[in-house]
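Here are some friendly notes to read with the model open beside you. Take the points in order, and look up each residue as you go.

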Amino acid sequence: MKLSKIKEILPTLENVEFQLENGTFVPEHFHVTEVGQINKKFIDCGGLIRNEKVVNFQLWNADDYEHRLKPTKLLNIIKLSEEKLGMEDAEIEVEYQSDTIGKYDLDFNGKTFVLKSKTTACLAQDACGIPVEKQKIKLSALNNASCTPNSACC
């Protein structure tokens, strides 16, 4: 989800709720402790230099059980971050503490924001030497009506 999308959604909500893909909710008393833009410049295994930019939200649980972040407050934090940091309209990445700091993509299911698991991938598969997986097909799906025994088609 891009920053512009969350800015469209927030004014329509009564509460800000985050949920992991497995259905577990981030506790209601979470804080957004950081909003920023991360610029990552790197080289992939194929030697190509790449640049990535993401807007980063960091969620943190404190012992402040009376705290509830309202949509207007988060929207104001985002607007201030855009103004002071010059943030671009980029994809949002959310940091949230589990066993270690997890990084998640952000989605919305109509009621809550969903933290979607991220995975690693090779960005230069053509240069990695990893064989391309062959497409599997069922022989029964082939339309070879002319292939009969002794026809030399096989």
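Is Asp44 buried or exposed? Asp44 is buried, with a relative accessible area of 10%; buried means under 20% relative accessible area, exposed over 50%, and partly exposed in between (1.4 Å probe, protein chains only). Before the numbered points, a word on the source: this is a predicted model, where local features need pLDDT of at least 70, side-chain atom pairs count only at pLDDT 80 or more, and totals for chains, interfaces and linings use all residues. Residues are numbered from 1 along each chain as its sequence is written, and side-chain values use heavy atoms, with hydrogens and water left out.

1. **The overall layout.** The chain has three helices and six strands. Here helices (H or I, at least four residues) and strands (E, at least two) are DSSP runs, numbered from the N terminus. Of the 154 residues in the chain, 31% are buried. Look also at the contacts (heavy atoms within 4.5 Å): among those in the chain with a separation of 6 or more, 66% are between residues 24 or more positions apart.

2. **Back to Asp44.** You can find Asp44 in the loop between strand E2 (30-43) and strand E3 (49-61). Its side chain reaches the backbone nitrogen of Gly46 at 2.8 Å. The Asp44 side chain also makes a polar contact with the side chain of Arg50, at 2.7 Å. A polar contact is a pair of N or O atoms within 3.5 Å; within protein, one must be able to donate a hydrogen and the other to accept it, and residues adjacent in sequence count only if both atoms are side-chain atoms. Not counting residues up to four places away in sequence, Asp44 touches Arg50, Leu123 and Ala124.

3. **Glu93, a charged residue inside.** Glu93 lies in strand E4 and counts as buried, at 8% relative accessibility. What does the side chain of Glu93 make a polar contact with? The partner is the side chain of Lys118, at 3.0 Å. Leaving aside neighbours within four places in sequence, Glu93 is in contact with several residues, including Ile38, Val54, Phe57 and Tyr104. Glu93 and Leu106 are 13 residues apart in sequence, and their C-alpha atoms are 6.5 Å apart in space.

4. **The largest pocket.** Rolling a probe the size of a water molecule over the atoms shows where empty space is left. On a 1 Å grid over the protein atoms alone, a pocket is an open set of points where a 1.4 Å probe fits, with protein on both sides within 12 Å along at least five of seven lines; lining residues have an atom within 4 Å of a point. The largest pocket holds about 520 Å³ of space, where grid points are joined across faces, edges and corners, and a volume is the space filled by probe spheres set on the points. Its lining has 18 residues, and Lys40, Glu52, Val54, Glu93 and Lys118 lie nearest its centre. E2, E3, strand E4 (92-97) and strand E5 (101-108) each supply at least two residues of this lining. By class, the lining of the largest pocket has seven nonpolar, two polar and nine charged residues. Ala, Val, Leu, Ile, Met, Phe, Trp, Tyr, Cys and Pro count as nonpolar, Asp, Glu, Lys and Arg as charged, and the others, Gly among them, as polar.

5. **The second largest pocket.** About 170 Å³ of space lies in the second largest pocket. Among the residues lining it are Phe18, Phe25, Phe30 and Arg68. That lining divides into six nonpolar, one polar and four charged residues.

6. **Cysteines.** How many disulfides does a search of the whole structure find? The search finds zero, a disulfide being a pair of cysteine sulfur atoms within 2.5 Å. Cys45 is exposed, with a relative accessible area of 53%, while Cys122 is partly exposed, at 23%.

7. **Phe108 and its partners.** Phe108 is found in strand E5 and is partly exposed, with a relative accessible area of 22%. Leaving aside neighbours within four places in sequence, Phe108 is in contact with Met1, Ile9, Leu13 and Phe113. The C-alpha atoms of Phe108 and Lys5 are separated by 9.6 Å, although the two residues are 103 residues apart along the chain.
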